[in-house]
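Subject: Handover of a structure

Hello,

I am passing this structure on to you, with notes on what was found in it. Please look through the sequence and the model before reading on.

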Amino acid sequence: MASPERMTEWMRMALAEGDAAAALGEVPVGCVIVDADARVIARGHNGRETLADPTAHAEVMALREAAARSLTWRLEGATAVVTLEPCPMCAGALVHARVACVVYGCADPKGGAIDTMFGIGRDARLNHRFEVVAGVLEDECAGRLRAFFASLRGRAP
């Protein structure tokens with residue numbers, strides 16, 4: 001597993017992806033995929049509104065790019081670093097991609113599927129499981145989401 005310093009560095013990259021999403025009017029969630037050699041191989045951010053695609057979550061976008069660059073859907077040894085706890089769809093995609101570890105910033109009380117509502121990725125009934133590290137730059141990740149939704153409602157965070 002990567003050092004806390006590396007995870008923080010990668011989470012800052014994911015936050016930058018989230019900022020890119022927010023600039024497009026998308027929910028500010030970002031993701032980076034890091035290979036087993038600690039190289040960032042893919043980045044993604046939410047694009048549901050821009051692409052009119054319900055599957056265009058940050059994790060799915062990053063997984064697609066990582067698979068294309070790696071020329072395989074098996075991302076064994078990879079780490080996904082995402083600003084918000086993945087939803088059921090994304091957690092399932094991370095299982096199917098065979099990632100080794102998922103690092104996330106803040107929990108999602110309404111849709112988180114790694115720790116909050118479900119244990120996808122840790123469930124022994126699945127054919128693959130991954131390590132989980134939660135709470136990396138949690139306040140910054142949560143703050144971006146609060147500010148985004150407050151701006152939609154027309155008030156300060």
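Arg-98 sits in the loop between helix H4 (88-96) and strand E4. Helices (H or I, at least four residues) and strands (E, at least two) are DSSP runs, numbered from the N terminus. The phi of Arg-98 is near 65°, a positive value in a residue other than glycine. Arg-98 counts as buried because its relative accessibility is 15%; buried means under 20% relative accessible area, exposed over 50%, and partly exposed in between (1.4 Å probe, protein chains only).

Before the rest, some notes on the source. This is a predicted model, in which local features need pLDDT of at least 70 and side-chain atom pairs count only at pLDDT 80 or more, while totals for chains, interfaces and linings use all residues. Residues are numbered from 1 along each chain as its sequence is written, and side-chain values use heavy atoms, with hydrogens and water left out.

Ala-52 also has a positive phi, of about 50°, although it is not a glycine. Ala-52 lies in the loop between helix H2 (48-51) and helix H3 (58-70), and with a relative accessible area of 69% it is exposed.

His-57 is placed in the loop between H2 and H3. At 14% relative accessibility, His-57 counts as buried. Leaving aside neighbours within four places in sequence, His-57 is in contact (heavy atoms within 4.5 Å) with His-45, Asn-46, Arg-48, Cys-87, Met-89 and Cys-90.

Next, the sheet. Five strands form an open sheet with mixed pairing, in the order E2-E1-E3-E4-E5; two strands pair if DSSP finds at least two bridges between them. Strand E2 (40-45) and strand E5 (131-134) stand at the edges with a single partner strand each, so one side of each has no neighbour in the sheet. On average, neighbouring strands of this sheet are turned by 15° against each other, direction ignored. Axes are lines fitted to C-alpha atoms, for helices over the stretch in contact, and angles run from 0 to 180 degrees between N-to-C directions.

Strand E4 (residues 101-106) and E5 run parallel and are joined by four bridges. Tyr-104 stands opposite Ala-134 in E5. Helix H1 (residues 4-23) packs on the sheet, where it touches strand E1 (30-34), E2, strand E3 (79-84), E4 and E5; the direction of H1 makes about 140° with that of E1.

What is the volume of the largest pocket? The volume is about 300 Å³. On a 1 Å grid over the protein atoms alone, a pocket is an open set of points where a 1.4 Å probe fits, with protein on both sides within 12 Å along at least five of seven lines; lining residues have an atom within 4 Å of a point. Grid points are joined across faces, edges and corners, and a volume is the space filled by probe spheres set on the points. The largest share of the lining, four residues, comes from helix H5 (residues 138-152). Among the lining residues are Leu-84, Cys-106, Asp-108, Lys-110 and Phe-149.

At 31% relative accessibility, Phe-149 counts as partly exposed, whereas Phe-148, at 10%, counts as buried. Phe-148 and Phe-149 form an aromatic pair that is edge-to-face, with 5.2 Å centre to centre and 80° between the planes. Rings of Phe, Tyr and Trp (its six-membered ring) pair if their centres lie within 6.5 Å; planes under 30 degrees apart count as stacked, over 60 as edge-to-face and the rest as tilted.

Regards
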